[in-house]
2 protein chains.
Amino acid sequence: MASVTTKTGQVVDRSVLDSMLRRRLFYTPSFEIYGGVSGLYDYGPPGCAVLNNIVDLWRKHFVLEEDMLEVDCSMLTPHEILKTSGHVDKFADWMCKDPKTGEIFRADHLVEEVLESRLKGDKEARGQKVEVDEEKEAKKKKKVKQTKVVKLDDAVVKEYEEILAQIDNFDGPALEQIITKYDIRNPTTDGNLLPPVAFNLMFQTSIGPSSNMPGYLRPETAQGQFLNFQKLLEFNQQSMPFASASIGKSFRNEISPRAGLLRVREFLMAEIEHFVDPEGGKKHSRFEEVKDVEMTLLNRDIQLSGSTKTEQMTIGKAVEIGLVDNETLGYFLARIQQFLFKLGVDPKKLRFRQHMANEMAHYAADCWDAELQTSYGWIECVGCADRSAYDLTVHKNKTGAPLVVRETRAEPLRVEEWQIDLDKKKFGPRFKKDGKSVTAAIDALSQELREKLALDLEQTGKIEVEVEGVPTGKVELDKELIKIEKRTRVENVREYTPNVIEPSFGIGRILYSMIEQVYWSREGDEARGVLSFPPAIAPTKVLIVPLSTHSSFAPLVQRMTTKLRRMGVSNRVDDSSASIGKRYARNDELGTPFGVTVDFQSVKDNTFTLRDRDSTKQVRASEDEIAQAIKALVEGEETWEDVRKRLPEFTGQEVE
Amino acid sequence: MASVTTKTGQVVDRSVLDSMLRRRLFYTPSFEIYGGVSGLYDYGPPGCAVLNNIVDLWRKHFVLEEDMLEVDCSMLTPHEILKTSGHVDKFADWMCKDPKTGEIFRADHLVEEVLESRLKGDKEARGQKVEVDEEKEAKKKKKVKQTKVVKLDDAVVKEYEEILAQIDNFDGPALEQIITKYDIRNPTTDGNLLPPVAFNLMFQTSIGPSSNMPGYLRPETAQGQFLNFQKLLEFNQQSMPFASASIGKSFRNEISPRAGLLRVREFLMAEIEHFVDPEGGKKHSRFEEVKDVEMTLLNRDIQLSGSTKTEQMTIGKAVEIGLVDNETLGYFLARIQQFLFKLGVDPKKLRFRQHMANEMAHYAADCWDAELQTSYGWIECVGCADRSAYDLTVHKNKTGAPLVVRETRAEPLRVEEWQIDLDKKKFGPRFKKDGKSVTAAIDALSQELREKLALDLEQTGKIEVEVEGVPTGKVELDKELIKIEKRTRVENVREYTPNVIEPSFGIGRILYSMIEQVYWSREGDEARGVLSFPPAIAPTKVLIVPLSTHSSFAPLVQRMTTKLRRMGVSNRVDDSSASIGKRYARNDELGTPFGVTVDFQSVKDNTFTLRDRDSTKQVRASEDEIAQAIKALVEGEETWEDVRKRLPEFTGQEVE
């Protein structure tokens, strides 16, 4: 894996970044004083603020902008619902157990780890330069055997690379085959492993005091939205298409979580279920607005050929050539990209990857992931799946609830069809207890068969129909009992099950990946990290620093902080005795975009300096001008360049 | 129970309100198409919006206003933590099982139900008017035996009333006594019940694939905050006092949930943990700001005497006379009241009730509940507990983590004390394997005892010390081995475990109770319900209605909706063909505070009418003036009265 670099061209040193994020309490392992639990994290004040800001922006960008119907549904979910949705049977990963040590491995991760290690050993044997992932190395030093420096056959290298390119495409039996064929064992002990078995990833519990209602913690927010479809359609005054949306925690009992915030057992999701008529090509009324958006796409076929080469094209083009199936899917892919850019994501570190067939969730008909590049590789942060009519159909079939749209047709539909009349009076006495089975069998006859039977009946005066459940397996019917005629049926109402396009956001993954992408450090000093959050995302917008602890500064500081708070601009005062440079450095690490300095000049003429985090440039102006400029910057009405042009530059203090 | 009336003096008809709230999709039972699960609800779009608005206001009123450190911690919690916190052993309700039918009853609710029913039968027998709770009646018709009309002894009536006044004060054995003494049985079958047993209210699950880590869904957000105390103190640059805060779901596996949103198994909480030095009377620096706030208080002693009579007094007075223990507790009680008033709570329907001793949670030293009056009675919506140093102490003792504050003393503390020196060289050979026990026993000697022993030692040259774990239970020590002297120890650092004041908000209960309090119906028409949400809480701020579907209105409607959205004012257009009156009535039910009508006059001169939901009065002004007025109203800068005074009234359309 090639090294990932910051905007300023430095290689991202994850251990430095990680220690900064923990020191500043962006996040911390949950229950750490009890030894912690892998895959569970707490967000501290700055992390929690960034999380809230992402959610706010998401709500504005999607829910408010498109009048989506936001709902908040239960996490506890009874067994029956998740049995119907397919999660009880299919929401699983494959795990291998070492029968000697009792260790449990996630099968695909194990294959990945072992093959990557062998490829590295091969490179070393061939004398090639090897990129070192320090964290992985550190872990290996503790518990994994050192990479064996062994040269492989060229053909084997190619096979390994092809497996790794489509590692997400293998199911249990395929993984078992790979494990056997390439003799993959416990990397620590070299012991043999049992064949992979499926492990369901839902947390199980029991609802109520009598333990007769098993349930799970939801694995996604989607099911609650589907179950309420009828009510939401009613709330939307029967108008289609529409979208529901939900923001909330979901749960996934990972086999062996790793990679920090990227693979956790409890996570904040934001999901949209856009319900659309499957007829008419799933057009979208606002597609025109996004059709020229340039996207980086990695399609399914390229991946299956063992490559990860992306293409650049507009979403309009991608839909036109059928690479992206329809306008609605395309519209959301473009809107997802716009959202990610608002968060500060680097366009060069974003790609949309199409799922391969076996990789897709059991309910999906097509799926694209928005992936962000980080030091862990390309990370799936948003999924955008076409779930077709899968969910509404299975719940409708199970419960009988009409999870459908009924639409008055503009023009009544006239259907020519073969209809069957039965003489009910004679029918009962003739078939007695078999009557029901016979009627059901007749109702189920296809149009094709009806046409043939009509002919038979006319020619011979009787027909034979196969019926399950009667002794002979068939019955004879004559003209006295049955009539088959071609007639026209007029349909005034159209009934259909909507399809669902589902953009699904993992907020924690977005948060972490975005942080890696906005992180850099001041030239010449790796320890001086900066997080260049856009103002809307930054935990605190303004740092107010008096030049020293001199008492004349206090009233000015108080006035500025109150003024900004009244304007709705969150700010913090740092009146500690540390140097201005140190105080700014601390806030660079917290990603605070602007700083206001109160100095002796301020006391004289009520002017203040305003500092830009990224450039460390400063301007100086009156209290009101500075406050107004901050408001404009934070609300995105002006950029720093705008402000710098219209307000006089200040170069007095050394506050870089 | 006396009937509860609306602001306009109507009796609240809960069944009418409830059906309106469901029709407008404020909330709905979860999994309803699968038959539902009691105690689990989904919030639909308007309910979800109100919920989000309450949370926003909470965050501004508490977190931002007081620079609290907001965190977001895991819900999944390993067994060990909740064992230490006491929840595994004590977070339980008492339940009784009917051995014949298998039915399970929550013991205190059963006692309440049966005694209330008997008191009602007594009233009927005495020919007194009986208030009827329709929902309870409806339920009873289905499954409970009708009230028996039986006159009771006056003394028995008094006993029943006293039990009901302190029903929350009984533990399992006390409930068992009551059940036996008053022969309380299964109300449906009259069958005898088994004695009450404790049922733990936490949902249990298992973390990870190997099922060797049992865990629970958290019963409160507090524990995550306590476990992070050290890091939060560090983040706060070691400065005390400070508060952390958290908003998130918690879980409680209720035995038999009832009363809609008021008793649910999964609920949104907002909790503050304010960490304060236990010395110095728990003063609060901002108490001065709230000391004149008038409160309605119901103290512990009044309740124990069997009464529920409240007193009015300022919080300043309540703290002064020691009814409320300290300023910090008092400060938060006043701030809680201010918050509830912002939501639209009726001052006459709010009281603060002190917990009785047995009623308090296992960790609480004192506790007051903010209770809102609803048709279900007085409902606990906010708890404000003094948890003392309980939680930090138990976690510190269990893990050894220093969950303490270390403070450099302004003046070093000089402590005169009896110190003991042991001659280690002689000590080891003398006591051998008992050495450790002897040392521990000596270390544990009180100052009092040391003084006495010092005298003995001086007089007799030897002393006897009791030691657990040695054969004789005591050892003899002589001057060779031990020296006891009075000396002065200088302490430069003070170490203490902070106390915790915890305001804890049940957001769903607040939402429901507040809705009941802002609900009323238009005079003469019970079916025309109105929800008078304050603008900040209303799901949608403005309804825009064109007078008819005439095409000339469309561009004006579009301009107004875009203008308001840019100002950050959420609004909806209703351009359906229903009459203006009907469209406004629909939005009265949704609680939309303002309406803008677009009519033919608007097309001519670009003026619009603005309607106030509560008074149905209208004003008319230019597009800009109307938009500005709306912004001022929504942001709380102007009241409707202000706007009505400065803009011309309009009486043209009939839009009541």
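User: Why does Phe226(A) count as buried?

Analyst: In this predicted model, Phe226(A) has a relative accessibility of 0%. Buried means under 20%, so Phe226(A) qualifies.

User: What makes the pair of Phe26(A) and Phe533(A) tilted?

Analyst: Good one to work through! The ring centres are 6.3 Å apart, and a pair needs centres within 6.5 Å. The planes make 40 degrees; stacked needs under 30 and edge-to-face over 60, so the pair falls into the remaining class, tilted.

User: Which parts of the chain does this pair link?

Analyst: Distant ones: Phe26(A) is in the loop between helix H1 and strand E1 of chain A, while Phe533(A) is in the loop between strands E23 and E24, 507 residues apart. Phe26(A) has a relative accessible area of 1% and is buried, and Phe533(A), at 1%, is buried too.

User: Why is the pair of Phe226(A) and Phe275(A) called edge-to-face?

Analyst: The planes of Phe226(A) and Phe275(A) stand at 80 degrees, with the centres 6.4 Å apart. Phe226(A) belongs to helix H9 and Phe275(A) to strand E11, so the pair ties together parts 49 residues apart in sequence.

User: What makes Arg611(A) count as sitting over the ring of Tyr584(A)?

Analyst: Its charged end is 4.3 Å from the ring centre, and the limit is within 6 Å, along with an angle within 35 degrees of the ring normal. Arg335(A) likewise lies over the face of Phe62(A), at 5.7 Å. Phe62(A) also belongs to an aromatic cluster with Trp58(A), Phe339(A) and Phe505(A).

User: Which residues of H2(A) and H14(A) meet?

Analyst: From H2(A), Ile54(A), Leu57(A), Trp58(A), His61(A) and Phe62(A); from H14(A), Arg335(A), Ile336(A), Gln338(A), Phe339(A) and Lys342(A). By class, that is six nonpolar, two polar and two charged residues. Lys and Arg count as charged, so Arg335(A) and Lys342(A) are the charged ones. The two helices pack at about 145 degrees with axes 11 Å apart, in a right-handed crossing.

Technical notes. Residues numbered from 1 in each chain as written. Chains lettered and ligands numbered in written order. Predicted model: local features only at pLDDT ≥ 70, side-chain atom pairs only at ≥ 80, totals over all residues. Heavy atoms only, no water. Phe/Tyr/Trp six-rings, centres within 6.5 Å; stacked < 30°, edge-to-face > 60°. Helix = DSSP H or I, 4+ residues; strand = E, 2+ residues; numbered from the N terminus. Buried < 20%, exposed > 50% of the residue type's maximum accessible area, 1.4 Å probe, protein only. Axes fitted to C-alpha atoms, helices over the stretch in contact; angles between N-to-C directions. Left-handed = near helix turned anticlockwise from the far one by under 90°. Contact = heavy atoms within 4.5 Å.
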